[in-house]
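Subject: Structure handover and what was found in it

Dear colleague,

I am passing this structure on to you, and the notes below are meant for someone who has not seen it before. Please keep the sequence and the 3D view open while you read.

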Amino acid sequence: MVVGELAEPVDLLVVGGGPGGYVAALRAAQLGRDVLLVERAGGSAGLGGSCLHVGCIPSKALIELADSAHHARAMAVAGLAVEGLQVDLARFQAFKGDIVGSLAAGIAGLCARQGIRVVAGELRFNRPDRAAVRTPDGQVRFFEFRQAIVATGSRPAVLPALPVDGERVLDSTGALALDAVPRSVAVVGAGYIGLELGTALAKLGAHVTIVEALDRVLPTFDPALSRPVERCLERLGVPLRLGARAAGLDGDDLVVEDAAGEARVSAEKVIIAVGRVPNTDELGLERAGVAIGGDGLVPVDAARRATPRIAAVGDVVAGPALAHKASAEGVVAAEALSGHPAAFDPTAIPAIVFCDPEVATTGLSEGEARAAGLQVDVGTFPLAASGRAATLLAREGFVRVVAERGADRIVGVQIVGAHASELISEGTLAVEMMASPEDLAGTIHPHPTLSEGLAEAVELLLGRPVHVSA
Ligand code: FAD
């Protein structure tokens, strides 16, 4: 039913309640803007977006469970005997639901305290200054806005040969909702989402096979970072079918094609993790005067403006599809649309893969720096030489620091190893602050910690290593 054509005036309209949208809304409200946030999935079910409900947080909760079980078993070598360790994924789902629910309620509380109005419903633009929202009860409300921020995120890409049915063939959302550990799982796609899910399910006891069309796992990362992960997957008993394409189902098997021909992979469940598609196709953006590229992304300027009155942030614009990138862009868009000087700087966007060992990067890799024409010095410290890594049973991996010679500044850090996700922020700060190698080397790092690896890598780069030979 259409309530009426009368449009409600809105100062700043934010579309999408994910880490791009809700952070933009909060920043704009802090700046005195009157903000209306429209979220398709509603308040508590939607605020936090894919990240909170079906992405970052649920996946990290599952990985924590899997790592705890794996570590407990691995610690047998150090004298820990764990009898009858059992995994109850149904219980896990309730635990995960509590975490997600409390965090979503927290975001709703923040929005309420800032005076942000949250409307549940699906938005489509009708004109450059007008949008319609279909609410869950079927009504349509119209809004006339002064400015808008589009933060509608992305959804899993599909494979026509393997349509997701939510039973046998799952996307990442279905995989994170499993209430029992499958006997066998084929993960199609060895990007970060596929690797994280595959590694976790293998540690929980499933027989996992990873199928990847390219010739290595994490194909968008520096090749040096893939190798320790491949070795760990081998130790976990996860077969890698590299250079192979998933072609369809045949009984209990997934059919896989590679250069050698056709093969079968046992798969009670198949998880499709072949990328994400931006949610820009059903938004009526063309009627708002917003262009959409061939890749479905919205072209934006440094302030994230797509038109003088409409900005776009997060997974709908170019760059890594990551929550913290979406939030950083949300802040920039809110400030720029509110008349403040602001521009998004992509120099050091950390990227993390929570596989085993964890992979974390920031700034430029050695290859990227050389391709950009920089002369570089590189220091790589193997975690096999770290005392703390030994106590953690985590000696696989390394810390690498890349510095621009002459300019005397750190331009990138890559870490493969335990807790790389926590360690990378020191590297990001170093790149952001244009720290020199001497700055990092002269910073006293506590012993015994994995953070010493950064200082050791820099000492190597400077040609005066302490705990390894040059
Ligand atoms: P989203 O979070 O997707 O939010 C968009 C919101 O817009 C959604 O809530 C949607 O319902 C709403 N919406 C869409 N269309 C409309 C419409 N027409 N009207 C109204 N509302 C609409 N990133 C990390 O940084 N770290 C991680 O560890 C990580 N792990 C991940 C694990 C998985 C399994 C997945 C799938 C993703 C992961 N990501 C991770 C990526 C991260 O979730 C996204 O990059 C991030 O959520 C993007 O934020 P966003 O605000 O652009 O969009």
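The second largest cavity is lined by Ile-63, Ala-66, Asp-67, Thr-199, Ala-200, Lys-203, Phe-354 and Cys-355, a cavity being a set of points, on a 1 Å grid over the protein atoms alone, where a 1.4 Å probe fits but cannot get out, and a lining residue being one with an atom within 4 Å of a point. Two elements, α4 and α7, each give two or more residues to this lining, where helices (H or I, at least four residues) and strands (E, at least two) are DSSP runs numbered from the N terminus. The volume of the second largest cavity is about 30 Å³, a volume being the space filled by probe spheres set on the points, with grid points joined across faces, edges and corners. By class its lining has 5 nonpolar, 1 polar and 2 charged residues, with Ala, Val, Leu, Ile, Met, Phe, Trp, Tyr, Cys and Pro counted as nonpolar, Asp, Glu, Lys and Arg as charged, and the others, Gly among them, as polar.

Before going further, please note that this is a predicted model, in which local features need pLDDT of at least 70 and side-chain atom pairs count only at pLDDT 80 or more, while totals for chains, interfaces and linings use all residues. Residues are numbered from 1 along each chain as its sequence is written, and side-chain values use heavy atoms, with hydrogens and water left out.

The elements that give two or more residues to its lining are α4, α8 and α12 (420–432), with α4 giving the most, 8 residues. The lining of this pocket has 11 nonpolar, 6 polar and 10 charged residues.

Asp-356 is also joined to Pro-357 by a cis peptide bond, with omega about -5 degrees, and Pro-357 lies in the loop between β18 (351–353) and β19 (359–363). A cis peptide bond likewise joins His-447 and Pro-448, where omega is about -5 degrees, and Pro-448 is found in the loop between α13 and α14 (452–461). Most residues other than glycine have a negative phi, and most peptide bonds are trans. Against that background, Asp-408 has a positive phi, near 55 degrees, and lies in the loop between β21 and β22 (409–416).

Asp-408 is partly exposed, because its relative accessible area is 43%, and the terms are set as buried under 20%, exposed over 50% and partly exposed in between (1.4 Å probe, protein chains only). Asp-408 is among the residues in contact with Ala-435, as are Arg-409, Ile-410 and Ala-430, leaving aside neighbours within four places in sequence; contact means heavy atoms within 4.5 Å. Ala-435 lies in the loop between α12 and α13 (437–441), and it counts as buried because its relative accessibility is 11%.

Leu-195 is in contact with Ile-210, Val-229 and Cys-355, among others beyond four places in sequence.

With best wishes

Note on methods
1 Å grid on protein atoms, 1.4 Å probe; cavity = no way out; pocket = protein on both sides within 12 Å on 5 of 7 lines; lining within 4 Å.
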